[in-house]
Amino acid sequence: MERNGSAMEERDMIREPLLLRSRINTTSQIAIVGANVCPIESLDYEIVENDLFKQDWRSRKKVQIFQYVVLKWTLVLLIGLATGLVGFFNNIAVENIAGFKLLLTGNLMLKQNYYLAFVALAGCNVVLATCAAVLCAYIAPAAAGSGIPEVKAYLNGVDAHSILAPSTLFVKIFGSIFGVAAGFVVGKEGPMVHTGACIANLLGQGGSRKYHLTWTWLRYFKNDRDRRDLITCGAAAGVAAAFRAPVGGVLFALEEAASWWRSALLWRTFFTTAVVAVVLKGLIEYCKNGQCGLFGEGGLIMFDINNSVPSYNTIDLLAIILLGVIGGVFGSIYNYLVDKVLRTYSVINERGPGFRVFLVIVISILTSCCAFGVPWLATCIPCPENAKEECPTKGRSGSYKSFQCPDGHYNDLASLLLTTNDDAIRTLFSSLNTHEFRIPSLIFFFFAMYFLGIITYGIAIPSGLFIPVILAGASYGRLVGRLLGPIANLDCGLFALLGAASFLGGTMRMTVSLCVILLELTNNLLMLPLMMLVLLISKTVADCFNKGVYDQIVIMKGLPFLEAHAEPYMRHLVAGDVVSGPLITFSGVEKVGNIMHSLRMTSHNAFPVIDEPPITDAPELCGLVLRSHLLVLLKGKVFTRHPRLSGAETLKKYHAFDFAKAGSGKGLKLEDLEIEPEEMEMYVDLHPITNTSPYTVVETMSLAKAAIAFRELGLRHLCVVPKTPGRPPIVGILTRHDFMPEHILGLYPHIDPHK
């Protein structure tokens, strides 16, 4: 008991920095979204089979079904087009803003105005960082960070305020542009996934009464099931737009983002990513004529710069195994440190928007000092005689930055640090000059990227983890290639690619999708066997220490994510052990006053409806009625003075779409109802809006089985019914919160969570 008690205290301490004990949980759950604490609800993926739904389904014609299918494909097409355009706009903006900043700094360095060059670099970075931070801190805190954990939680059934709101989309786009252009060690790839999901959510709202977009066709999408499918397509489109990897985008959605999958969704996501690929290809061709400012090769990353045919020997295979182990160890340490930094930053972020902006400015100055100061540690290297590009580089991009070096020499650290992240990756993956970077420079660069990536993630800007991880992994991969140069067949560029893959596998814990994304990035299918090997090893090693970075952040933020498997201790409990009370039920024909009182006193989203004599011979469970449906029914005031069945009147007055879920705008609230005192004594028939086929489990079912059924079916409520007759027809209702470890282990602290 003493050991279990200390284990409980340890678990509390792990969660404490982000979900303080002083915060009272008055709803089903609270979590951190961006930098704010907000209540969490679940999404309704279950079809509510009430009389109104059945009437609507029977009356649907083939034309209406055809309209629904056509509109769904049209929305998927629009998601692909919009995400592709936003991805291209992001890249054009970053390349031009960062290009101007780097050109200004480079020109001042050529004139040997070193102090002025640093002031220009740091000043531009601070201004851009402040713009990103102000947008994030004051307009949409939910836009901070990668956004992938939030999208992953949403697709698991978690609904949090502003995760996919239009304001979040706006800040995600412009905040990502400013943040990446400010020189932070962050990527725009994670935010693009969130952006794609926000675009899909915006298009899948099912119309808006506020903006008079109430076209009949749009109303078909006023439900969480269709929005879930569209947002899955949006997440896949975001990956495709970020990496120009359409197949990788589909696999990312399948492996990492989505909790529910089916064949129809597979080809919709594939169609979406194909549209993104076509849009990007067309726009890049347009920009090849120099009509997009400083946008060039470094824009939409496609690292097809290594055309060598990989041949490898035993030494290479041993080195690749070593890279996999290194990637797993470094990846697990990276995740551990990111966890600690996020918990530290949460204390600062809780103090208010001003402190969040101040933290961003501090990290920006530190990053600028590192980018400008570290190259002074490097010695100048003579330009290679057979260089295929200008040396030293005079323009914005290039592999040979002169920095403080005389003519005919270049600074290898400046070539990596004073450039865009995409150009740095391209340079590391290059096989044109094996000795382009000295070993000490690669070591310095690795530690700079490793630790700057850790301290930057968690500040109030949109920030992706892919690029920092690729940069750090590519640097130690190229380092291994340099060390094994005389005895290895693979060149340094391929070792850099495998190093990036190993670090990605060690942090993200994805395999198939990462493998395909990297192959599409590098346009080198011959690397497939080696890529598979290094990803499998790095993931296996890292899994021995902790969880993937996105899973870790989901837990840290308190998002009630349901895993695909049940925890071991759940097999020692049954469903009846964790249902919480008191259970509030309604009769099939209920007094209006009782309903109003229950709605005021609780925040429950569903109530059991029980038929009693004289409607039935004995009390029996009629089904579940949703809170939102009760509000609509009460507003319509289909009341009777005496308890009687009046469902026919309700079916004539209402259509199923009247009870459809509102979009991101405000739905009907209890405060919107105006019920007169005399109406409180009247009755309303709940049968037409009651879901008569709710999912139920017997109270003696294993909690592990109930948890798996709850997740696989995408439920919000699971009714628990008694095993023996002669008792009330329902024992309780299981919700997402009831399956959370904190709730279960709080009820049964003596249980060992690992057994």
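I began with the burial of H12, where Arg356, Val357, Leu359, Val360, Ile363, Ser364, Thr367, Ser368, Cys370, Ala371 and Phe372 are buried. Buried means under 20% relative accessible area, exposed over 50%, and partly exposed in between, with a 1.4 Å probe and protein chains only. The model is predicted, so local features need pLDDT of at least 70 and side-chain atom pairs count only at pLDDT 80 or more, while totals for chains, interfaces and linings use all residues. Residues are numbered from 1 along each chain as its sequence is written, and side-chain values use heavy atoms, with hydrogens and water left out.

I noted how elements are named: helices (H or I, at least four residues) and strands (E, at least two) are DSSP runs, numbered from the N terminus.

**Entry: length of H12 and H15**

I looked up the span of H12, residues 353-373: its 21 residues reach 30 Å from first C-alpha to last, close to the 30 Å expected at 1.5 Å a residue. The expected span is 1.5 Å times one less than the number of residues. For H15, the 18 residues should span 26 Å, and the end C-alpha atoms are 26 Å apart, which agrees.

**Entry: how H12 meets H15**

I found that H12 and H15 (residues 439-456) pack at an angle of about 170 degrees, with axes 11 Å apart. This makes H12 roughly antiparallel to H15. Axes are lines fitted to C-alpha atoms, for helices over the stretch in contact, and angles run from 0 to 180 degrees between N-to-C directions. Angles under 35 degrees count as roughly parallel, over 145 as roughly antiparallel, 65 to 115 as roughly perpendicular and the rest as oblique.

On the H12 side I listed Ile363, Leu366, Thr367 and Cys370, which meet Ala448, Leu452, Ile455 and Thr456 in H15. Contact means heavy atoms within 4.5 Å.

I also checked what follows H15: glycine 458 has a positive phi, near 115 degrees.

**Entry: cysteine 492**

I located cysteine 492 in H17, residues 492-508. Cysteine 492 is buried, with a relative accessible area of 4%.

I traced three strands in an open sheet, in the order E11-E12-E13, with mixed pairing. Two strands pair if DSSP finds at least two bridges between them. E11 (696-698) and E13 (732-734) stand at the edges with a single partner strand each, so one side of each has no neighbour in the sheet.
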